[in-house]
Amino acid sequence: RNNQGSVASTQPKVLNMMVIDDDEIMQKIFIALVNSNDYPTELVSAYDGYEGLIKAGQGCFDIIFVDLHMPRLDGYAAVSALREFENTKSSTILVITGDRLDEIDRDRLPPDVVLLTKPLNPDVVKRFMQYEYAIKSGMVKN
């Protein structure tokens, strides 16, 4: 008899999330969204692309939000690098930007990356988070 299986299944799953954005207000919005969740969520914040890549290399994230325009390393370069890292290769990446859609160089972003424009709709962001959590918890097959 294997008791480990039943113990593991009773452990609550945690949604591991990172936000890479130099805007402090955006960071606070994500903290508020995470705090309003009714499921366990870990949030890691990074304020530029380099810091985001360092932190990405130290963890495993289900969902990563990346601003396109940041100091030192922009979102285009950060997303490219995240897709190369072994531990973030399969993370869901959502790009957030204040740009108009016709200003975004879609060719510089992987096709599976979702674009969200600012101002962010908190309900849309929460739906992405809930969906990722449902996948991780085995409630939805991806």
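1. In this predicted model, K136 and D62 form a salt bridge, and their closest N and O atoms lie 3.2 Å apart. The pair joins distant parts of the chain, since the two residues are separated by 74 residues. K136 belongs to helix α5 (residues 122-136), whereas D62 sits in the loop between α3 and β3 (63-67).

2. The two partners of this bridge may also be described by their accessibility. D62 has a relative accessible area of 19% and is therefore classed as buried, because buried means under 20%. K136 has a relative accessibility of 30% and so counts as partly exposed, a class that lies between the limits of 20% and 50%.

3. A second salt bridge brings together the side chains of K89 and E86, with a distance of 3.3 Å from N to O. E86, at 63% relative accessibility, counts as exposed, because exposed means over 50%. K89, at 40%, counts as partly exposed.

4. R100 is exposed, with a relative accessible area of 52%. E103 has a relative accessible area of 41% and is partly exposed.

5. Salt bridges also occur here as a network, which links D21, D67 and K118. How many salt bridges does a search of the whole structure find? The search finds 10.

6. The next topic is the packing of two helices. Helix α3 (residues 49-56) and helix α4 (residues 75-84) have axes that come within 9 Å and cross at roughly 15 degrees. Angles under 35 degrees count as roughly parallel, and α3 and α4 are therefore roughly parallel to each other. The crossing in which α3 passes α4 is right-handed.

7. Which residues of α3 meet which residues of α4? On the α3 side they are G49, L53 and A56, and on the α4 side they are A78, A81 and L82. By class, this contact has five nonpolar residues, one polar residue and no charged residues.

Terms used
Residues numbered from 1 in each chain as written. Predicted model: local features only at pLDDT ≥ 70, side-chain atom pairs only at ≥ 80, totals over all residues. Heavy atoms only, no water. Axes fitted to C-alpha atoms, helices over the stretch in contact; angles between N-to-C directions. Helix = DSSP H or I, 4+ residues; strand = E, 2+ residues; numbered from the N terminus. Parallel < 35°, antiparallel > 145°, perpendicular 65-115°, else oblique. Left-handed = near helix turned anticlockwise from the far one by under 90°. Contact = heavy atoms within 4.5 Å. Nonpolar A, V, L, I, M, F, W, Y, C, P; charged D, E, K, R; others polar. Salt bridge = Lys/Arg side-chain N within 4 Å of Asp/Glu carboxyl O. Buried < 20%, exposed > 50% of the residue type's maximum accessible area, 1.4 Å probe, protein only.
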